[in-house]
Amino acid sequence: MTRKMIQDFIKGEMIDQVDEWEKNGMVSREIWERAGELGLLCIDMPEEYGGGGMDFSFSALFIEELAKKGITGPGFSLHSDVIAPYLLKYGTEAQKQKYLPQMASGKMITSLGMTEPDCGSDLQAIKTKAEDKGDHYLVNGQKTFITNGYMSDMSLVAVKTNNGTEKEGVSLLLIESESEGFEKGVPFKKIGMKSQDTCELFFDDVIVPKENLLGEESSGFKIMMTELARERLIVALNAIGGAEGALQQTIEYTSTRTAFKQPIAGFQNTQFKLAECATQLQIHQAFLDRCTQLLSKHKLTAESASMAKYSATDMHNKVVDECLQLFGGYGYMWDYPIARMYADNRVARIYAGTNEIMKILIARGLFKELFQEMKKAAKKNNVRS
Ligand SMILES: Cc1cc2nc3c(=O)[nH]c(=O)nc-3n(C[C@H](O)[C@H](O)[C@H](O)COP(=O)(O)OP(=O)(O)OC[C@H]3O[C@@H](n4cnc5c(N)ncnc54)[C@H](O)[C@@H]3O)c2cc1C
């Protein structure tokens, strides 16, 4: 029933708006509120905070159905499945009461500010700083490539606290967009995801009350590393939905388009290519179903999430490329969803941690003991020198 409701929502209220959203470089506020009304935001948040009180697998359904139709404009999953869980897990009761119900209704849009112009993969090197001023922090710095950035009403921002002291570390602050000194850049012109309002955030002497600290001071890096597993699984689920959508479109197209007096699907090359794509899709779907179950039981490891993210997004890229080829020249035309899918999905190998970083995390798990010994040895040598 949920799947059918989601499909109707996408078909009846979203698909026809994509051109307009692309022209504007962002989606409408109404679509956020409509998703909230239908109970599709914060699906697995407890009902007492306005959420759906359901299992994560229902969120996964929404992610996959959107991806199948190539809807990449509204950053619903980042909002509902990444930022809301940060609040639920690490927020104070007051923070949860203040933000979660508004997020679930779609009246408040949120973004996550980690990346900076000088650092993305190496998050410990962030420079945005929050000076302790007693009852508040004074925040100065800049974030870039922020999904939902332009439309967001509140951003969860990674900052450096206790600069230059022994306690220096990364902390997480909830910063409301109306705060004085908080500015946004215009949405970037990207090669894909053209209706997604990805932009820069600027902080110039922004006063952030101490009660907006999420979790403990200097614990931000540890929190992010724990929560990133969920974000990476979401990107992988998106890839599965996208690959399935591309495959469906291509089966339909090649069944009707003809060349040399037969459907394109009649050529063995077409059949073999699509057979390979379908096989890859099934293999990844099985692994991701397992990861989704593990996440629901809070047992998904960083290594498994990294495997899912890198492998599913690589697979998605290859599938869409093969599918586009089978559309011939039409595949290169923006009016054809396969062209959008091709442009939209490329970034998945880059964001939420690049696929190279995913392999580093997997390898860390493989060589745990060796790396620990190497770390100890390096520390000893530093002490001696
Ligand atoms: C459309 C879009 C949306 C985004 N949304 C968000 C968002 O909402 N919030 C947010 O905070 N960020 C967001 N990002 C940023 C994204 O997470 C970063 O771009 C990504 O983590 C890579 O960081 P970087 O761009 O600084 O690349 P770099 O870190 O400069 O990396 C450049 C290249 O070097 C490689 N590399 C780096 N370190 C190593 C290493 N140790 N070993 C091997 N190779 C390495 C990388 O894999 C990459 O290929 C978004 C980006 C895009 C494009």
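Five salt bridges are counted between domain 1 and domain 3. The model is a predicted one. Side chains of opposite charge can pair when their charged atoms come close. One place to look is D19, whose side chain meets that of R340 in a salt bridge. The N to O distance there is 2.7 Å. R340 also forms a salt bridge with E22. In that pair, the closest N and O atoms are 2.7 Å apart. This second pair links distant parts of the chain. R340 is in helix α10, residues 337–345, while E22 is in helix α2. The structure as a whole holds 20 salt bridges.

Now step back to the layout of the chain. It is divided into three parts: domain 1 covers 2–108, domain 2 covers 112–216, and domain 3 covers 222–369. The contact of domain 1 with domain 3 takes 23 residues from domain 1 and 24 residues from domain 3. The C-alpha centres of these two domains lie 22 Å apart.

How much area do domain 1 and domain 3 bury between them? The value is about 2,000 Å². Carbon and sulfur atoms carry 57% of that area.

Which helices supply the side of domain 1 that touches domain 3? Helices α2 (18–24), α4 (56–68) and α5 (76–90) each give at least two residues. The largest share comes from α5, with 8 residues. By type, this side of domain 1 divides into 10 nonpolar, 4 polar and 9 charged residues.

T2 and F58 are 56 residues apart in sequence. In space, their C-alpha atoms are 7.8 Å apart. T2 touches F58 and L61, leaving aside residues up to four places away in sequence.

Which residues around the ligand come nearest? There are 19 residues around it, and T115, S121, F145, T354 and E356 come nearest. Backbone atoms take part as well. A polar backbone atom of F145 is 2.7 Å from a nitrogen atom of the ligand. For L112, a polar backbone atom is 2.8 Å from a ligand nitrogen atom. G120 faces an oxygen atom of the ligand instead: a backbone N or O atom of G120 lies 3.1 Å from that oxygen.

Conventions. Residues are numbered from 1 along each chain as its sequence is written. This is a predicted model: local features need pLDDT of at least 70, side-chain atom pairs count only at pLDDT 80 or more; totals for chains, interfaces and linings use all residues. Side-chain values use heavy atoms; hydrogens and water are left out. Domain bounds come from an automatic or database domain assignment. Contact means heavy atoms within 4.5 Å. Buried area is the accessible area (1.4 Å probe) that two parts lose on being put together, summed over both. A salt bridge is a side-chain nitrogen of Lys or Arg within 4 Å of a carboxyl oxygen of Asp or Glu. Helices (H or I, at least four residues) and strands (E, at least two) are DSSP runs, numbered from the N terminus. Ala, Val, Leu, Ile, Met, Phe, Trp, Tyr, Cys and Pro count as nonpolar, Asp, Glu, Lys and Arg as charged, and the others, Gly among them, as polar. A residue is near a molecule or strand if one of its heavy atoms lies within 4 Å of it. A polar contact is a pair of N or O atoms within 3.5 Å; within protein, one must be able to donate a hydrogen and the other to accept it, and residues adjacent in sequence count only if both atoms are side-chain atoms.
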